[in-house]
Amino acid sequence: MQTPVIGGALAAVVVALTACSGASSPSAADRAVIRDADLYAIDRIEKNFHKSMSTHDIDLMMSLWAPDATFTVGPGQTATGKREIRAYWLKKSKAFRPTTHWVSETPAYKVRATAHGDRGTLTFECHYIDVNRKNLVVVTAADIDVAKIDGRWLITNMVPGSASLKA
């Protein structure tokens, strides 16, 4: 419950600061608040990405992607646009299969986000836990480019990769 409240409060502050700034450029404090709000919104992409995987919610997953996004699904294989990306998740991803009962999560300390104006990056690890067997089944990583499009941060490019657990 706290997360939506904090996000709403940050958004309200950004709107208020933007409205109050008039024609002058934002102060350093205003820019810091806007940057923090952007980083919060980018971080929400990671959380909703893993929530969609855990709940097999393809609509939530697709709400994270820009219309013309690209998703490199393997060497020399790129899905372009939401239609192809959706098809990949539904047809090729084991995590989205109805018979798969995995929880997808990311260790918080392995999430990295940047924001520079209307562009940014997001990097995280995915740990897939088989709920029935109670064991770790897959560890992957993702390097993601994001952009603020019509006021929303969306994935514009994603390149998944392998990751290994280190002690």
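Buried means under 20% relative accessible area, exposed over 50%, with a 1.4 Å probe and protein chains only. This is a predicted model, in which local features need pLDDT of at least 70, side-chain atom pairs count only at pLDDT 80 or more, and totals for chains, interfaces and linings use all residues. Residues are numbered from 1 along each chain as its sequence is written, and side-chain values use heavy atoms, without hydrogens and water.

Select Trp 65 and Phe 71 first. Trp 65 is buried, and so is Phe 71. Their rings form a tilted aromatic pair, 5.4 Å centre to centre with 55 degrees between the planes. Rings of Phe, Tyr and Trp (its six-membered ring) pair if their centres lie within 6.5 Å; planes under 30 degrees apart are stacked, over 60 edge-to-face, the rest tilted.

Next, centre on Phe 49. Its contacts (heavy atoms within 4.5 Å) include Met 61, Trp 89, Phe 124 and Met 158, not counting residues up to four places away in sequence.

Move to helix 4 (81-92). Helices are DSSP runs of H or I, at least four residues, and strands are runs of E, at least two, numbered from the N terminus. Colour Gly 81, Ile 85 and Trp 89: they are buried. They share one side of helix 4, because they cover an arc of only 110 degrees around the axis, taken from the directions from the helix axis to the C-beta atoms. Turn to the other side: Arg 83 and Lys 91 are exposed.
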